[in-house]
Amino acid sequence: ANAQQFYFLEVNTRLQVEHGVTEEVWGVDLVEWMLQLAAGEMADLDTLKAALSPHGHAVQVRIYAEDPALDFRPSAGLLSRVSWPQADGLRIDHWIESGIEVPTLFDPMLAKVIVHAPDRASALQRLSGALAGSEIYGIETNLAYLQAILRSDSCQRGELLTRSLAEFDFLPDTVQ
C-alpha cells in the first residue's frame, strides 16, 4: 500500500453576484480570501470565524443595459455621461465610464450598487439616494425601474419577491 496521502482542495473560483452584500455585512473581502486560499496563505478558518460577527443591513441592485419599456430589450451604444455619487456606506462595482461603448454582444450588467446601513429602512433610503444621484446617459438602462421598485409598497414592507416583479406595473417617462 502506498503510504502517501493526497489532499485535494476544490476552490470555487466563481463569486456569487451578491458577494458584495456578504462582504459589507460581515466586514470581509471574499476576493482577498480566495486569493489567500489559492496561494496557501489563508489564516486558520476557525480563527477567522471567531473574529466575525454580522453588523447592519446591506442591499444591492444591479443596473442593466436594458429597456424596461420594451420588455427589457438589451440596449447598446455610446455612454455619453456616467457619474456616480460618493457616500458613506455606498459601494458601486462597475466597469463603465463616460465615453465607453456598450457593445451589442455583452453581458448587460453595468453596475452593482450596494449600500450598507444600521438597519433595513436606512439601507433602502441610502440606496434610493444613490440611484437618484447616479447618471448614465447614452443608452437605456433599468435605473428608473429600480427606483420605482424601491418606492413600491411591497419593497418597503419587505415582501418583494422575484415573482412579484412579474406583477409590478412600471410606466417609464418615455416616448416610443
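By class, 14 nonpolar, five polar and four charged residues make up the lining of the largest pocket, where Ala, Val, Leu, Ile, Met, Phe, Trp, Tyr, Cys and Pro count as nonpolar, Asp, Glu, Lys and Arg as charged, and the others, Gly among them, as polar. This is a predicted model, in which local features need pLDDT of at least 70 and side-chain atom pairs count only at pLDDT 80 or more, while totals for chains, interfaces and linings use all residues. Residues are numbered from 1 along each chain as its sequence is written, and side-chain values use heavy atoms, with hydrogens and water left out.

The largest pocket has a volume of about 620 Å³; a pocket is an open set of points on a 1 Å grid over the protein atoms alone, where a 1.4 Å probe fits, with protein on both sides within 12 Å along at least five of seven lines, and its lining residues have an atom within 4 Å of a point. The volume is the space filled by probe spheres set on the points, which are joined across faces, edges and corners. Of the 23 residues that line the largest pocket, Gln60, Val61, Arg62, Leu146 and Leu160 are the closest to its centre. The largest share of this lining, seven residues, comes from β1, and the elements giving two or more residues are β1 (57-64), α4 (120-132) and α5 (143-151); helices (H or I, at least four residues) and strands (E, at least two) are DSSP runs, numbered from the N terminus.

The second largest pocket has a volume of about 320 Å³, and of its 19 lining residues the closest to the centre are Glu140, Thr141, Leu143, Ala144 and Thr174. Its lining takes at least two residues from each of β9 (135-137) and α5.

How do α4 and α5 pack? Their angle is about 155 degrees, with the axes 10 Å apart, the axes being lines fitted to C-alpha atoms over the stretch in contact and the angles running from 0 to 180 degrees between N-to-C directions. That makes α4 roughly antiparallel to α5, a term for angles over 145 degrees. Leu124, Leu127, Ser128, Leu131 and Ala132 in α4 meet Leu143, Leu146, Gln147 and Leu150 in α5, contact meaning heavy atoms within 4.5 Å.

Pro85 lies in the loop between β5 (81-83) and β6 (90-94). Pro85 and Ala130 are 45 residues apart in sequence, yet 6.2 Å apart in space, C-alpha to C-alpha.

Conventions: Parallel < 35°, antiparallel > 145°, perpendicular 65-115°, else oblique.
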